[in-house]
Amino acid sequence: MEDVTTLTKIQLDALREVGNIGSGNAASALAQFLNRKIDMAVPSATILEFKDIPALLGGPATQVMGIFLKVLGEISGRFLLLIPEKTAIKLLKTLIPGCEIDNPLNMSELESSCMREVGNILAGAFLNALSTLAQTPMLNSLPSMTYDMAGAMIDSVVADMTAVSDKVLMIETSFIESEEDLRIHIFLLPEPKSLTLLLQKIGVV
Amino acid sequence: MSVVIPVGMGELKVARSPETLAVYGIGSCVIVSLYDTKSRVGGIAHIMLPDSSGIDKERLNPNKFADTAIPALYNAIKAEDGVFKANLHAKIVGGSEMFPPTEDFENTIGRDNTVAVKKALKKMGFPIVAEDTGGKRGRSIEFDLETGLVRLSILGEEMREL
């Protein structure tokens, strides 16, 4: 399926459920990792105009930490974690004793490595749940990370998915640790060519 | 402050002095500005991909691809009063590789876009008078039609003019 605009409501609901199951597992992994209670916003599966994505994150120039991983397997896709500055700093201070970072632009090698590992764990947990559901192994690539403008990351991630259509399918969810305002946005973008197989595997072709 | 007109991904816009065209959060995309120094008319194409070949013509958005967006940008600008091809010059910005390559992947779209944009500009005969491309950082620009200058911002760096 190269054209995501033909997805039906039932198929989108099923994909939202995919987001639910994946991010539920990722949320428990994060909760264990941080030893705190993590709440999850209700995931969405939406067909979006690519040019509207940066607005969801507070505009294209908003500074965020981005962790990008490829989904490898019979069903392939892209996984993008966007972590606002405040949350990134909080995570680093929680995970690295004595960490005094005040601007993610100045991360040390240890700090970068720690954030990539957060990405690795979250993507791994998400895809693990999805592999079980779809009965096909889905693995994540090594994570790549940057701290920059949200718009710049999104154009790099979605550009070649938009050759045919101006729209992309995005499964999105956020984690919130209510008391401390910890926020992580997860985006899963199935490759258009694997979408039919994913729908088959979850039984909504 | 003059009117600032934002140009999103896959969009193409033309404006004239004293307006300003702006693009925020440029990653692997390449921004091409064409400017007529005499009439102070200019335009921007926010290009996402290098090549439109193989794409169904009926569904093609020409503004997305280097090979089709640059002719489209020229057509849009020359429709304005007082524009002459000989007065036009180009500036190009963007084409970075935001996510460093890992063992499993490498993203060459930024590089491919830059190469394709240069080729398309050469084909049309527009000189590139300024360029800031490649690298690993995102960029934002404001293209001031009054002066023809492009103000370039990169996170953690001083603002520069091209």
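**Surface.** I started with the accessible surface of chain B, which comes to about 7100 Å², with 51% of that belonging to carbon and sulfur atoms. I kept in mind that this is a predicted model.

**Charges.** Next I counted charged side chains in chain B and found 20 positive and 22 negative. The centres of the two sets lie 5 Å apart.

**Fold.** I listed 2 helices and 10 strands in chain B. Reading from the N terminus, I noted the order β-β-β-β-β-α-β-α-β-β-β-β.

**Overall size.** I checked the radius of gyration of chain B: it is 15 Å, which agrees with the value near 15 Å for a compact globule of 162 residues. The C-alpha atoms fill a box of roughly 50 × 40 × 25 Å along the principal axes.

**Packing.** I found that 54% of the 162 residues in chain B are buried. Of the contacts with a separation of 6 or more, 62% are between residues 24 or more positions apart.

I then looked at B:Tyr35 and B:Phe143, whose ring centres are 5.8 Å apart; their planes meet at 70 degrees, so I call the pair edge-to-face. B:Tyr35 is in strand β4 and B:Phe143 in strand β8, 108 residues apart, and the pair links distant parts of the chain. I noted B:Tyr35 and B:Phe143 as buried too.

Notes: Residues are numbered from 1 along each chain as its sequence is written. Chains are lettered from A and ligands numbered from 1 in the order in which they are written. This is a predicted model: local features need pLDDT of at least 70, side-chain atom pairs count only at pLDDT 80 or more; totals for chains, interfaces and linings use all residues. Side-chain values use heavy atoms; hydrogens and water are left out. Helices (H or I, at least four residues) and strands (E, at least two) are DSSP runs, numbered from the N terminus. The radius of gyration is taken over C-alpha atoms; the globule rule is 2.2 Å times the number of residues to the power 0.38. Buried means under 20% relative accessible area, exposed over 50%, partly exposed in between (1.4 Å probe, protein chains only). Contact means heavy atoms within 4.5 Å. Accessible areas come from the Shrake-Rupley method with a 1.4 Å probe; for residues, only the protein chains shown count as cover. Lys and Arg count as positive and Asp and Glu as negative; His and the chain ends are not counted. The place of a charge is taken as NZ of Lys, CZ of Arg, CG of Asp or CD of Glu. Rings of Phe, Tyr and Trp (its six-membered ring) pair if their centres lie within 6.5 Å; planes under 30 degrees apart count as stacked, over 60 as edge-to-face and the rest as tilted.
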